[in-house]
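Let's take a walk through this model together, one feature at a time. Keep the viewer open as you read.

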Amino acid sequence: MMTSRSIACASLLEGAGYDVRGPRRIRLDGGRIGAIEEMGGETVEGDALFALPALVNAHDHGRPVRSSSFGAGGKPLELWLQYLALLPAVDPYLAAASSLGRGALGGAGAVMVHHTRVQGLTSFPEEAAEVARAARDIGVRIGFAVALKDRNPLVYGPTDDLLALMPEPARSEIARRTAKPPLPVADQLRLVEEAADAAAGDLVDVQFGPTGVQWCSPELLQAIAEASALSGRRVHMHCLETRYQRDWADRHFPNGMIRFLKEIGLLSPRLTLAHCTWARPDELDLIAEAGTTIAVNSGSNLGIRSGIAPVAEMVARGCKVALGLDGLTLNEDDDALCEMRLTNALHRGWGFDSAIDEKRMLRIALAEGRAAVTGSADGGVIRQGEPADLLLLDADALDGDRLVPDLSPADLLFARAGAGHIAELIVAGRTVVRRGRVTGIDHDAVQAELLARFRHGIAENASLRAALPELARAMERHFSAAPCC
């Protein structure tokens, strides 16, 4: 429930320039920032707080457990995706609550859920409604992108070519799991509207979620582009995540894959492209010109061996860049503060060269993904009238070993801040996390119940687990050949 509240802060990042100011009092009213007031000689009582806007996770999938817990850690994306099938179907509410709660504990007040893992225990609209219910119970904003695809379930080309490289019984096991035909294009688009009817609301924005050009036929992509233009509904899609996708795109789109997206009307301000790890400068120019958002995922790209995205080049060419976690932060803990620090360390420049300054990195982490997730660009700054989406850090813990009097909390933010420094996460005026605890649900109980169900059900996929090493060997041979994909 949204109520009026006054928060005394030792310091905060104020306005679009993220200038350190303080002490200040932030007054919340009806889910928005009612006022920001200087405190004059007033003493800040209680905990010393450092306030910044809540972070945005502009690309994720709402995965309920860490991938290394079932053997997928460190695998290349194309193989890693197949490992996900080891997980048994579970209650969609539990799965979403586990993931969104973990993200909230890491500082993310808005999260993109690209729903590529359908549990299938109920109808799809009911499943979407359960994900939305979990988001509402926790109190975070989400984008819910309905995954759409109709080709290339194993590799970027004929499945039979890969299966031919595998011995029995592994070949039959993998073939059985990839034989289901895709839904017709019209039926896939209908799912998006049904999900929107069931799940959309103040905290939930339902979007088209084509999984990627390599997984979607031109007919499906064209239909999504037309439906998006007609309805204004946003689109969220993977793009050029791995070098194998890059090679495939170059062979199938000699005039350029990004140019193809522009020609069919999909490249627009309504589109978010996740990754763009292997995007080229001329493609970045087209993306920037269209006003499309790129969601970069540094920890994920490192963890599943996809590469390092050209973030400095994206910024230099005028792209709108947002921060994504992809469920695969460096420590698999959904710590958005640490992910911001990692992205900054990778892309700020080397030696005395400065490629991206810290204020731009703050915009990437706090503001530029807002529209990508929520459908609205408001927020991401602490300013009167903006949404009351705030992250309050324990300033004393953040600078507990201070030796000189003039350290900036912003500098410490990029040096050491992590989930352990979070005193409170507030979304739309509501306290979502306080001192390491999700307030809206019993997150520990959700995690325990979920793990119990996974441990009970995963044995049913023993035949797949036995087949995966053979699939790994076949994929290595396949992708090592020329042409690769």
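What follows goes from the nonpolar cores to charged pairs, cysteines, a helix cap and some backbone details.

This is a predicted model, in which local features need pLDDT of at least 70 and side-chain atom pairs count only at pLDDT 80 or more, while totals for chains, interfaces and linings use all residues. Residues are numbered from 1 along each chain as its sequence is written, and side-chain values use heavy atoms, with hydrogens and water left out.

Let's begin inside. A nonpolar core here is a set of buried Ala, Val, Leu, Ile, Met, Phe, Trp, Tyr and Cys residues joined through side-chain atoms within 4.5 Å. Buried means under 20% relative accessible area, exposed means over 50%, and partly exposed is in between, with a 1.4 Å probe and protein chains only. The largest nonpolar core has 138 residues, and Ile142, Phe144, Met314, Met340, Leu393 and Leu413 are those with the most contacts inside it. Apart from that core lies another of 14 residues, including Ile7 and Ile382. Contact means heavy atoms within 4.5 Å. Leaving aside neighbours within four places in sequence, Met340 is in contact with Leu55, Leu323, Met361, Leu362, Ala365, Leu413 and Phe414.

Helices (H or I, at least four residues) and strands (E, at least two) are DSSP runs, numbered from the N terminus. Ser408 caps the N-terminal end of H17, with a side-chain oxygen 3.1 Å from the backbone nitrogen of Ala410.

Now to the charges. Side chains of opposite charge can pair when their charged atoms come close. With a salt bridge taken as a side-chain nitrogen of Lys or Arg within 4 Å of a carboxyl oxygen of Asp or Glu, the structure holds 32 of them. One of these joins Asp47 and Arg435, whose closest N and O atoms are 2.8 Å apart. Asp47 sits in the loop between strand E5 (32-38) and strand E6 (49-53), and Arg435 in the loop between strand E17 (430-434) and strand E18 (437-438), so this pair ties together parts 388 residues apart in sequence. Asp47 is partly exposed at 45% relative accessibility, and Arg435 is partly exposed at 42%.

Asp137 and Arg133 give a local example, since both lie in helix H3 (residues 124-138), 4 residues apart, or about one turn of the helix. Their closest N and O atoms are 3.9 Å apart. Arg370 and Asp389, in contrast, are both buried, and their salt bridge has its closest N and O atoms 2.8 Å apart. Salt bridges that share partners also join Arg246, Asp250, Arg280 and Glu283 into one network.

Next, the cysteines. A disulfide is a pair of cysteine sulfur atoms within 2.5 Å, and by this rule the count comes to 0. Cys276 has the sulfur of Cys239 as its nearest cysteine sulfur, 4.1 Å away. Cys276 is buried, at a relative accessible area of 0%, whereas Cys338 is partly exposed at 27%.

We finish with the backbone. Most residues other than glycine have a negative phi, and most peptide bonds are trans. The peptide bond from Gly22 to Pro23 is cis, with omega near -5°, and another cis bond joins Glu168 and Pro169, with omega about 0°. Asn152 is not a glycine but has a positive phi of about 55°, and it lies in the loop between E9 and H4. Ala428 also has a positive phi, near 55°, and it is buried, with a relative accessible area of 13%.

Key:
A polar contact is a pair of N or O atoms within 3.5 Å; within protein, one must be able to donate a hydrogen and the other to accept it, and residues adjacent in sequence count only if both atoms are side-chain atoms.
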